Every structure is written in structure tokens, then in C-alpha cells.
Amino acid sequence: MLDAKDKLLSHLKETIELTQEEESIVCDSYSETQLKKKEVLLFAGEVSNHMRFIAEGCLRAYHMDEEAKEHIVQFGIEGWWVNDLYSYLTCTPAKQFVQALEPTTVLQIHRDTLNELYEKVPTIERFYRLKFEKAYVALQDRTINSMSKSAEERYLEFRSKYRSIEQRVPQYMIASYLGITPEFLSALRKKIK
């Protein structure tokens, strides 16, 4: 069984090549954080100063509106990255909370340490550039889909893309992610069966 840092290295090596020495430098740059179910990793109002890799578990990023209603922006599972990226990139207070939905292990790297890592291991900069590009494309895709696809189409796409997440999170959270009510999602699911 791989430990958290081995999982991170394996994930990085899907995109970039690292020498043994670089692997060691990378591992020393990340710190491990254990979260209990429902524990909050990032609070709205804090500046997100870390990039976060999920080694084990499941997280959600959500925004609270003026009526204190939750809007789920992102789920994250093993091998994924989760963050309030806008806060991280602009050094402004986060608008999202990041919370564990089950016991979770996260590897974090502070922005200052990451900037130093870019100098020591230049391929890491390429890795993050590609990650940021993918994150932007995914956000654009999600935004356009929410405006142009029906709730049923969005749900079917969610099911095909994120089957493992659907099995792990409550239905009301999936409904929030899709921008529909839990009752509507329940009716959709019955219709599709």
C-alpha cells in the first residue's frame, strides 16, 4: 500500500519526470494533514496559501450565500487537487470552505515553499502550469454546461464522469453541485431508472 507521499509522486510522474534527488526534494516540501469527517481545511475569509493534494478521502469545496445556503463548487477524491484557486492565485480571502466528507489525508505545500520548489525542481512549475490550465478548462466547461444543459443532462454527465463520487456523497450534496433541489434530483433518478 502506498503512503501519501508515494501517491503524490506517482501522481506527479503521470505528467512529469523526476530524478531520485528531485523526488526527495518534492517529498520534503509537502506536509501531511489528517482530517476527520466534517473537519474544515479552509474557511471562507482566510487566504488560501496552500496547494492541496488529496492522498486519501473525499472533500468538498462550497460557498455560502447571503441566506446561508450552501452551493457546492467542487468535490475532490484521491488523486485530485482541491482549493479555492481564486484565493490562492490572487492572495485574497477565500469565498469557499473546504471540508472533509470522510476521514481524509491531504498533502499541502505553502505558496512560498512551492515558489522555492520551482527553482529547485523546474519540472514542478510545468506540472502546476498544466494543472492550472486543466482547472480553468474544467471551470469553463462547468459554467457553460450549467447555462446550456438541462438538469437531467447535467446529472447524467455527472454520473458518467464521477461515478465513484456519486457513491460516496449524500444525494443533497450532489443536488447542490448540480444546482437543483434534492427532491428534483430524486425524481430525476427515479425517471432514469
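Colleague: Which elements do the buried residues of helix α2 pack against?

Modeller: This is a predicted model, and in it the buried residues of α2 pack against α1, β1, β7, α4 (111-120) and α5.

Colleague: Which residues of α2 are the buried ones?

Modeller: Glu22, Glu23, Val26, Cys27 and Ser29. They lie on the same side of α2, because they cover an arc of only 160° around the axis.

Colleague: Why do residues three or four places apart in an α-helix point the same way?

Modeller: An α-helix has 3.6 residues a turn, so positions three or four places apart point the same way. In α2, the face turned away from the buried side carries the exposed residues Gln20, Glu21 and Asp28.

Colleague: How many residues apart along the chain are cysteine 27 and leucine 107?

Modeller: They are 80 residues apart along the chain, while their C-alpha atoms are separated by 9.6 Å.

Colleague: Now helix α1. Which of its residues are buried?

Modeller: In α1, which runs over residues 4-12, the buried residues are Ala4, Leu8, Leu9, His11 and Leu12. They too are on one side of their helix, because their arc around the axis of α1 is only 160°. What covers the buried residues of α1 includes α2 (20-29), β1 (31-35), β3, β7 (104-110) and α5.

Colleague: Next, the loops. Which value of phi does lysine 38 have?

Modeller: Phi of lysine 38 is near 80°, a positive value in a residue other than glycine. Lysine 38 belongs to the loop between β1 and β2 (40-42). With 60% relative accessibility, lysine 38 counts as exposed. Alanine 68 also has a positive phi, near 65°, and is not a glycine; its place is the loop between β4 (58-64) and β5.

Colleague: Turning to pockets, what is the volume of the largest pocket?

Modeller: About 1300 Å³. Its lining is made of 39 residues, and Val73, Gln74, Ala135, Ala138 and Leu139 lie nearest its centre. By class, that lining has 21 nonpolar, nine polar and nine charged residues.

Colleague: Which element gives the most to the lining of the largest pocket?

Modeller: Helix α5, with twelve residues. The elements that each supply at least two residues are β3 (50-56), β5 (70-77), α3 (85-90), α5 (122-148), α6 (151-161) and α8 (171-178).

Colleague: How much space lies in the second largest pocket?

Modeller: About 180 Å³. Of the 13 residues lining the second largest pocket, Lys69, Glu70, Ala175, Ser176 and Ile180 are the closest to its centre. Both β5 and α8 supply at least two residues of this lining, and α8 gives the most, with four. The lining of the second largest pocket divides into six nonpolar, four polar and three charged residues.

Colleague: Last, the database record. Which residues does UniProt list for the cyclic nucleotide-binding domain?

Modeller: The UniProt entry, which is unreviewed, lists residues 18-135 under "domain: Cyclic nucleotide-binding". In the model, that span is 34% helix and 36% strand, and its end C-alpha atoms lie 23 Å apart.

Notes
Residues numbered from 1 in each chain as written. Predicted model: local features only at pLDDT ≥ 70, side-chain atom pairs only at ≥ 80, totals over all residues. Heavy atoms only, no water. UniProt positions renumbered as here; feature names shortened; annotations may be inferred. 1 Å grid on protein atoms, 1.4 Å probe; cavity = no way out; pocket = protein on both sides within 12 Å on 5 of 7 lines; lining within 4 Å. Points joined across faces, edges and corners; volume = space filled by probe spheres on them. Nonpolar A, V, L, I, M, F, W, Y, C, P; charged D, E, K, R; others polar. Buried < 20%, exposed > 50% of the residue type's maximum accessible area, 1.4 Å probe, protein only. Arc of directions from axis to C-beta. Contact = heavy atoms within 4.5 Å.
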